[in-house]
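Let's take a look at how this one is put together. The structure comes first, then a short tour.

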Number of protein chains: 2
Amino acid sequence: MRYSEKALIPFFMVTEDGTLSLANLVNLVQQVSERQLAGAASQTEMVKRYNIGWVITQSQIEITRMPRAEEHVTLWTEATSYNRLLCYRDYGVLDEQGNQLVIVHSTWVMMDLDTRKIVPIIDEIVEGFGAKKLTKVERLPRLPRFEDPEGERKYWVRYFDIDTNHHVNNVHYFDWMQDALGYDWMRTHKLVSANIKYEREVEPGTQLTSQYKVVREGGKTETYHQVRVGDTVNATAHLQWA
Amino acid sequence: MRYSEKALIPFFMVTEDGTLSLANLVNLVQQVSERQLAGAASQTEMVKRYNIGWVITQSQIEITRMPRAEEHVTLWTEATSYNRLLCYRDYGVLDEQGNQLVIVHSTWVMMDLDTRKIVPIIDEIVEGFGAKKLTKVERLPRLPRFEDPEGERKYWVRYFDIDTNHHVNNVHYFDWMQDALGYDWMRTHKLVSANIKYEREVEPGTQLTSQYKVVREGGKTETYHQVRVGDTVNATAHLQWA
């Protein structure tokens, strides 16, 4: 059950080169799934009845071309399948000719809003979106252990990073990770793919360290990233660049 | 000549309390004037011919109520008048019943894109929008000299703060100013008005200091702000809170 909306990319969401930033790309597509949920009255009611919320655990993003400022696009989303603990949701961006510009695969867990603990997926909720039950566990590409950072930057979690659930909006990790690479890097490289795993939420009011390592091998340019607060790892990521 | 567009406020643009942040409010309304300019072929051509860009110098914002996430609103803009050096542009946000939620008065100057110097307003460009020529200089409320900061925070200008013109998007000053007040302040106060004067652009890659002072007088709660890099003042502002 695919849900889609048309959108016009605003000027203020693009970077220096005139294309959408990764954080804003994810904001825009996640907005579409929020609207799919909000539009289904039964969903809103069930989420209330079970008192659960969705938490993202990983996303893998393939970029053919980032949309440009003032480009007309179609944003789509679909909860494709689920197993006992994970729900799989895809997102995409199409240009006016219907070409896929970006595709996002993501995994989500259900959290009990009182205990803040992960609970098994409630079939009734996800089947309303046409997600098919899987007996085996599918995985997005695994991220290697992050070791030997070659650079880092520190960031405070700002008031405006926090959403209405009093959590840090998950897109800010991308900004912290990419910004740490510096202006020169960002001006001379184009993002091709991103794979991010969310381990533990960064708390409002804390200072985090965004570490990176560059790997150039077999003609590929890759960066590995880790966001940490003290000894706690909050997120790791693997980005590929052209 | 008023230009308007309908909009639906996205989840990711609101703060913890579910209402639009000041920075995103200004992003949204300025987007509408960008579209008014882009839509006028003669404007695009003239701006190219004269090689000029618009630079904001001050804005004064009155907030009756900030729009909420998923609220349907109308965003409007109008270049009302101009004199030798300044162009006056208003913006507003209407709710579905046509009530004015927010109104913004702003002043702009024209900059020669080669010399980066301010040039006199070119009548031909602004008259295309119905702006009336004024012989006297109108002023937005003056900002007092900022003295005796009681607190400050430092911020680096991030890669994602920069727009396609290689300048810091002017809305980020609001985030730096408000964030410096801290979570407790932001959680217990509601913004009623803002008056900001842009003195000198913060350069990409620099670290700035956001200073503030709280004044409580005659039942009013006000904060004064200054963004500076070393001894250079980049912007000052006066915010009122309820």
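## Two helices side by side

In chain A, helix α1 (residues 22-39) and helix α4 (residues 172-180) have axes that come within 8 Å and cross at roughly 170°. Axes here are lines fitted to C-alpha atoms over the stretch in contact, with angles from 0 to 180 degrees between N-to-C directions; helices are DSSP runs (H or I, at least four residues), numbered from the N terminus. α1(A) and α4(A) are therefore roughly antiparallel to each other (angles over 145 degrees).

Who touches whom? A:Leu22, A:Ala23 and A:Val26 of α1(A) meet A:Phe174, A:Asp175 and A:Gln178 of α4(A), contact being heavy atoms within 4.5 Å. By class, that contact has four nonpolar, one polar and one charged residues (Ala, Val, Leu, Ile, Met, Phe, Trp, Tyr, Cys and Pro are nonpolar, Asp, Glu, Lys and Arg charged, the others, Gly among them, polar).

## How the chains pair up

This is a predicted model: local features need pLDDT of at least 70 and side-chain atom pairs pLDDT 80 or more, while totals for chains, interfaces and linings use all residues. Residues are numbered from 1 along each chain as its sequence is written, chains are lettered from A in the order written, and side-chain values use heavy atoms, leaving out hydrogens and water.

On the interface, 37 residues of chain A contact 37 residues of chain B. A:Arg158, A:Tyr159 and A:Phe160 supply 24% of the area chain A buries against chain B, more than any other three residues (buried area is the accessible area, 1.4 Å probe, that two parts lose on being put together, summed over both).

How values were computed:
Parallel < 35°, antiparallel > 145°, perpendicular 65-115°, else oblique.
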